[in-house]
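This report sets out selected local and overall features of a structural model. The sequence and the coordinates are shown first.

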Amino acid sequence: GDNQDEEGEAMVEVSHSDDETGDGNESSWSMDCSTVVRVKTLHISSPILAAKSPFFYKLFSNGMRESEQRHVTLRINASEEAALMELLNFMYSNALTASQAPQLLDVLMAADKFEVASCMRYCSRQL
Amino acid sequence: MSNQKKRNFQIDAFKHRVVVDPKYADKTWKILEHAIHEIYNHNASGLSFEELYRNAYNMVLHKFGEKLYNGLVATMTSHLKEISKSTEAAQGDSFLEELNRKWNDHNKALQMIRDILMYMDRTYIPSVHKTPVHELGLNLWRDTIIHSSKIQARLQNTLLELVQRERTGEVIDRGLMRNIVKMLMDLGSSVYQEDFEKPFLEVSAEFYSCESQKFIECCDCGDYLKKAEKRLNEEIERVTHYLDSKSEVKITNVVEKEMIANHMLRLVHMENSGLVNMLLDDKFEDMGRMYNLFRRVPDGLSTIREVMTSHLRETGKQLVTDPERLKDPVEFVQCLLDEKDKYDSIISNAFNNDKAFQNALNSSFEYFINLNARSPEFISLFVDDKLRKGLKGVSEEDVEIILDKVMMLFRYLQEKDVFEKYYKQHLAKRLLSGKTVSDDAERSLIVKLKTECGYQFTSKLEGMFTDMKTSHDTMQGFYASHLELGDGPTLVVQVLTTGSWPTQPGVTCNLPAEMSVLCEKFRSYYLGTHTGRRLSWQTNMGTADIKATFGKGQKHELNVSTYQMCVLMLFNNDDRLGYKEIEQATEIPTADLKRCLQSMACVKGKNVLRKEPMSKDIGEEDTFFVNDKFTSKFYKVKIGTVVAQKESEPEKQETRQRVEEDRKPQIEAAIVRIMKSRRVLDHNNIIAEVTKQLQSRFLANPTEIKKRIESLIERDFLERDSVDRKLYRYLA
């Protein structure tokens with residue numbers, strides 16, 4: 001991008017819980033005891049993300065650690081990865097590739113988590 | 001289609017995530033609790049927003065919202081308790097500064113806490129109807145700090161004391177005041193009102209009650225008003241600097257009530273400096289201040305207006321009934337105009353051109369002008385004076401201004417018909433003596449009268465102008481056909497149409513032989529060209545220019561009245577003449593003759609005659625002879641008649657009688673008009689309606705109306721009801 005300040009890099013760390021099987025989900029939201037399985041680095045435009053999501057707006061500006069960083073890390077569960085990618089995509093293009101209900105539901109979850117209202121409405125309409 | 005899809009998908013995927021080990025919830029909360037501590041300790045920049053948000057999100061997602069919320073309340077409360085302790089410990093002036101600093105810290109912390117708990121704020125809190133994080137933070141601040149027993153009263157006293165210090169002239173930290181007041185407002189309008197505004201208003205009322213008491217004992221009215229205005233402005237300024245703008249009305253109400261409303265009557269009536277003195281001395285600034293302050297309180301302006309009105313009526317009454325003033329009608333009217341100018345200027349400069357004040361001014365003038373029955377005559381005399389001599393060298397616009405002012409006085413008159421009567425007389429005199437200065441001004445006034453009185457009145461006045469023009473042409477024709485008259489005396493006749501002029505029938509005198517010959521020639525010339533007319537001489541209205549040679553050969557041209565000419569011509573044949581002889585020879589009416597002799601024998605500088613015995617008055621035994629020693633530095637000498645410019649008592653009575661006579665047909669016409677449309681009407685209602693119809697012309701006398709009704713009954717226009725004698729019926 002031509003504007004340095006507006007461009008940033010986001011690192012998405014995808015982690016798996018220790019116990020992948022069965023109903024071991026009780027630990028799935030506690031990252032401290034999970035392992036990072038994959039790190040993905042993306043170039044994102046912080047103004048676009050901030051405009052679409054209060055989460056990203058605060059992330060880039062509220063004075064905590066990330067406000068000063070050019071590399072910002074989001075930790076997500078492996079199961080959320082595809083949906084997050086779709087969500088990021090939506091924030092740029094206002095469109096989703098997913099059309100099936102389970103995927104749409106995952107995207108809706110992600111949109112709700114990061115408060116991307118436009119995407120939440122979009123998914124609700126599609127469902 | 002979408003309905004079908006929806007049905008297929010339940011949110012099963014989440015179900016198995018509902019039950020989660022509380023150990024993990026505890027652990028996650030510990031992370032967040034630690035973060036809140038760090039935030040209060042100014043270490044927020046070391047915390048990961050992403051991590052904290054994710055943790056809070058997970059807690060809510062996994063149904064630990066309540067644990068999160070309660071944890072927040074407990075943690076924040078404990079921090080605020082710490083803050084409360086340190087604020088309480090602050091000494092003296094540093095108390096407010098400390099409170100302000102901690103408030104800023106709390107606000108910043110609250111903002112960040114809200115950021116990391118954004119998900120809870122958005123989803124959990126509305127679903128369980130709890131207080132949102134920001135509001136919660138404010139409420140906890142209010143309850144833990146502002147309303148803590150050790151702070152609440154201290155804060156209030158500190159604020160009120162600062163205001164008090166500022167009122168006594170000290171400079172205080174307004175920025176700090178503004179921040180603290182803003183804090184109270186942020187905590188809710190009821191906090192601002194209860195913890196500050198209410199006691200502030202109470203203390204202020206007490207302060208201004210005392211202060212105004214002090215001021216009113218030692219200040220004059222003008223100074224008091226200055227002080228009150230200053231205080232009012234200070235309070236308004238205080239509000240803009242550091243109070244809620246809604247407080248402005250409330251605090252100004254306090255000042256208005258304590259400083260103005262409570263002392264209003266004492267102020268306007270203050271001895272030697274109250275409103276009457278301001279009016280007398282044209283204190284525009286003080287009166288303007290009084291107006292602007294009093295308008296803020298109930299009945300304020302009506303109080304000013306009443307004092308002004310009663311003063312104006314009183315002074316006006318004195319003016320129009322002062323016998324000294326009545327001696328000079330021109331000055332009398334000038335005084336009225338000056339008074340009007342004075343009050344116009346007061347109302348426009350000090351009373352904001354207030355319509356109600358203008359109305360009060362008008363009704364006051366109407367009241368006192370009509371207290372003097374001679375006002376109509378005097379106003380006409382004033383116009384007469386202006387049109388005779390007063391307007392020479394005055395620009396056209398200034399003439400208009402003077403005439404407009406006269407018309408304004410005219411409008412106040414109740415007896416407009418009396419004015420008209422006099423106006424006609426005075427105009428006739430001006431025209432016949434050739435004394436009118438400006439034809440334009442005369443006509444301009446007639447146009448103004450036309451709009452006020454209607455065409456009927458002015459058409460006669462216009463007829464007078466036409467007669468003047470026609471007479472000029474007639475005289476040219478007369479002399480063109482009598483070329484042999486070139487050497488003798490010159491006669492100028494003005495032929496006046498009966499009805500247009502205020503002529504008096506049958507007043508005539510014996511003209512000198514030279515003149516009566518000429519008059520006869522004119523009569524035959526005029527009647528020869530105008531058949532079917534009658535001429536009668538109005539010798540009381542004419543003037544003459546005569547050449548006189550006195551004892552030592554001094555020659556003068558004398559400008560005299562026709563009567564005076566008749567008298568003087570007698571001395572061509574006799575050296576000495578007694579009063580009786582003159583009266584017999586001229587047949588001039590006694591009053592006119594006395595006046596005319598007086599003007600020629602008793603006025604210094606105009607005394608072409610002498611009399612024995614020498615005295616100021618004319619006696620019937622007096623003897624008259626030519627004053628051989630008469631001198632004047634002018635060749636032309638104008639000998640005025642000693643006319644009391646205003647009418648004498650009998651003349652006044654006569655005019656009055658003619659006015660009453662003229663009113664009769666007008667009253668009858670009004671009665672007939674009313675009865676024609678109403679058919680049946682009782683006595684009182686007729687009187688009321690007739691009075692109303694005629695009031696733009698004059699105030700009809702009820703007794704006269706009754707007489708007119710009786711006369712109409714006699715002439716079969718009306719009849720009395722056979723049962724109710726108070727009822728009249730119109731007979732078609």
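## Basis of the values

This is a predicted model, in which local features need pLDDT of at least 70 and side-chain atom pairs count only at pLDDT 80 or more, while totals for chains, interfaces and linings use all residues. Residues are numbered from 1 along each chain as its sequence is written, chains are lettered from A and ligands numbered from 1 in the order in which they are written, and side-chain values use heavy atoms, with hydrogens and water left out.

## Chain A

Chain A contains five helices and three strands; helices (H or I, at least four residues) and strands (E, at least two) are DSSP runs, numbered from the N terminus. Read from the N terminus, the order of elements is β-β-α-α-β-α-α-α. Of the 127 residues in chain A, 46% are buried. Here buried means under 20% relative accessible area, exposed means over 50%, and partly exposed lies in between, with a 1.4 Å probe and protein chains only. Among the contacts of chain A with a separation of 6 or more, 64% are accounted for by residues 24 or more positions apart; a contact means heavy atoms within 4.5 Å.

## Cysteines

A disulfide is defined as a pair of cysteine sulfur atoms within 2.5 Å. By this rule, the count over all chains is zero. C119(A) is in no disulfide, and the nearest cysteine sulfur, that of C123(A), is 4.0 Å away. C119(A) has 0% relative accessibility and therefore counts as buried. In chain B, C335(B) is also classed as buried, with a relative accessible area of 15%.

## Helices 19 and 20 of chain B

Two packed helices are described by the angle between their axes and the distance between the axes. Axes are lines fitted to C-alpha atoms, for helices over the stretch in contact, and angles run from 0 to 180 degrees between N-to-C directions. Helix 19 (residues 329-349) and helix 20 (residues 355-369) of chain B pack at about 165°, with their axes 10 Å apart. The two helices are therefore roughly antiparallel to each other; angles under 35 degrees count as roughly parallel, over 145 as roughly antiparallel, 65 to 115 as roughly perpendicular and the rest as oblique.

The crossing of helix 19 of chain B with helix 20 of chain B is right-handed; a crossing has this hand if the near helix is turned clockwise from the far one by less than a right angle, and is left-handed if anticlockwise. Helix 19 of chain B contributes residues including L336(B), K340(B) and Y343(B), which meet residues of helix 20 of chain B, among them F357(B), L361(B) and F365(B). By class, this contact has eight nonpolar, two polar and three charged residues. Ala, Val, Leu, Ile, Met, Phe, Trp, Tyr, Cys and Pro count as nonpolar, Asp, Glu, Lys and Arg as charged, and the others, Gly among them, as polar.

Y412(B) lies in helix 22 (residues 396-412) of chain B and counts as buried at 6% relative accessibility. Not counting residues up to four places away in sequence, Y412(B) touches K340(B), N362(B), F365(B), E366(B), I369(B) and N370(B). The C-alpha atoms of Y412(B) and P376(B) are separated by 9.8 Å, the two residues being 36 residues apart along the chain.

## Helices 4 and 7 of chain B

The axes of helix 4 (residues 49-61) and helix 7 of chain B come within 8 Å and cross at roughly 20°. These helices are therefore roughly parallel to each other, and helix 4 of chain B passes helix 7 of chain B in a right-handed crossing.

F49(B), Y53(B), Y57(B), V60(B) and L61(B) in helix 4 of chain B meet M118(B), Y119(B), M120(B), T123(B) and Y124(B) in helix 7 of chain B. The classes in this contact are nine nonpolar, one polar and no charged residues.

## Loop residues of chain B

H129(B) lies in the loop between helix 7 (118-128) and helix 8 (133-146) of chain B. The phi of H129(B) is near 55°, a positive value in a residue other than glycine, and H129(B) is exposed, with a relative accessible area of 71%. E587(B), likewise not a glycine, has a positive phi of about 60° and is found in the loop between helix 28 (579-586) and helix 29 (590-601) of chain B.

The peptide bond from E612(B) to P613(B) is cis, with omega near -10°; P613(B) is placed in the loop between strand 4 (609-612) and strand 5 (623-626) of chain B. V437(B), in the loop between helix 23 (416-432) and helix 24 (439-453) of chain B, is partly exposed at a relative accessible area of 30%. V437(B) and L387(B) are 50 residues apart in sequence and 5.7 Å apart in space, C-alpha to C-alpha.
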